Amino acid sequence: MSVNRMTEEFDFEKYWLNKFSNCLDDVAGDKVRKQVMVGSEKLSDASSREEVINWSNQAMERLSSLVDEEKQIDIMTGCACNYSKAQLQEIREKYEQTKDINIAHRMLQKQFESLLKDTLKLNEDLIKKIIKKGWSTAGVKEGNVILATKIPKSAYIKQYFESTDPDEKRAIYCHCPRVRDALKSSIEDLPKIYCYCGAGFFKGIWEEILQKPVKVKVLESVMKGDEVCKIAIYLPQDA
């Protein structure tokens, strides 16, 4: 099958729902999985955004009624889009050699700045603005805690900085299509626990580098009315 054909057939909703289903099974078991996933079989990218978001809200409600908060977080962080392990390989190896988190952090920041310049092709002034704000994949390290503020969705990053409308900026900021659709169309907001899917992106990065579990906490979220999404990553004391 050609690459173009595969791209045409990719269905984000089905892909994410399958990931969510597997995480439910792994963390909470088959019984909980079946209860939470009720109605998901009819959803796809062809479904209306209202239908998808309403189902997502109901699923989060069922999830919160069936498992404790720690398990909810484990499930949602496991659904995250993943940073390329291949891109983290050099950082991981350097950390294994030095056991110095600061070196790993600087390497990740350098990789992020290369993304802005070489991949996203942003101009120098915009890159400086983003870095000055402390927004990056690497985040700002304070002791054993990293405060990571997401950059806006790359497809909308220039539009984000050109806009002066706070509501528009929030609506195009998030990397999750469900959140963007909910904010753009004023459909019912998703609950905060849903945002742990995004937090899982950072959790995955540091667990791959350190080869140890890390904890994350959602501090700010555009879905909850904040200007940005900010995640705290708690690195292990013995790292």
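Q: Where is the place of lysine 153?
A: Helices (H or I, at least four residues) and strands (E, at least two) are DSSP runs, numbered from the N terminus. Lysine 153 lies in the loop between strand E2 (145-149) and helix H9 (157-162). This is a predicted model, in which local features need pLDDT of at least 70 and side-chain atom pairs count only at pLDDT 80 or more, while totals for chains, interfaces and linings use all residues. Residues are numbered from 1 along each chain as its sequence is written, and side-chain values use heavy atoms, with hydrogens and water left out.

Q: Is lysine 153 buried or exposed, or does it lie in between?
A: The scale is relative accessible area: buried is under 20%, exposed is over 50%, and partly exposed is in between (1.4 Å probe, protein chains only). At 26%, lysine 153 is partly exposed.

Q: Which residues is lysine 153 in contact with, leaving aside its neighbours within four places in sequence?
A: Contact requires heavy atoms within 4.5 Å. By that criterion, lysine 153 touches Ile172, Tyr173, Cys174, His175 and Arg180. One of these, Arg180, belongs to helix H11 (residues 177-185), where it is buried together with Arg178, Val179, Asp181, Ala182 and Leu183. The buried residues of H11 pack against helix H2 (12-28), helix H4 (49-66) and helix H10 (166-173).

Q: How is the packing of two helices described?
A: The description rests on the angle between the axes and the distance between them. Axes are lines fitted to C-alpha atoms, for helices over the stretch in contact, and angles run from 0 to 180 degrees between N-to-C directions. Helix H5 (residues 69-77) and helix H12 (residues 196-210) have axes that come within 7 Å and cross at roughly 70°. H5 and H12 are therefore roughly perpendicular (the class for 65 to 115 degrees; under 35 is roughly parallel, over 145 roughly antiparallel, the rest oblique).

Q: Which residues of H5 and H12 meet?
A: From H5 come Ile73, Met76 and Thr77; from H12 come Tyr196, Cys197, Gly200 and Lys203. By class, this contact holds four nonpolar, two polar and one charged residues.

Q: In what order do the strands of the sheet stand?
A: Two strands pair if DSSP finds at least two bridges between them. Here four strands form an open antiparallel sheet, ordered E1-E2-E4-E3. E1 and strand E3 (215-220) each have a single partner strand, so one side of each is left without a neighbour in the sheet. Neighbouring strands are turned by 25° against each other on average, direction ignored. H12 packs on this sheet and touches E2, E3 and E4, its direction making about 135° with that of E3.

Q: How many bridges join E2 to strand E4, and how many pair strand E1 with E2?
A: Five bridges join E2 to E4 (residues 230-234), and one of the pairs is leucine 147 with alanine 232. Three bridges pair E1 (residues 140-142) with E2 in the antiparallel sense, and glutamate 142 stands opposite valine 145. E1 and E2 form a hairpin with two residues between them, and glycine 143 in the turn has a positive phi of about 65°.

Q: What radius of gyration does the protein have?
A: The radius is taken over C-alpha atoms, and the globule rule is 2.2 Å times the number of residues to the power 0.38. With 239 residues, a compact globule would have a value near 18 Å, and the protein agrees at 18 Å. Its C-alpha atoms fill a box of roughly 50 × 45 × 45 Å along the principal axes, and buried residues make up 46% of the 239.

Notes
Ala, Val, Leu, Ile, Met, Phe, Trp, Tyr, Cys and Pro count as nonpolar, Asp, Glu, Lys and Arg as charged, and the others, Gly among them, as polar.
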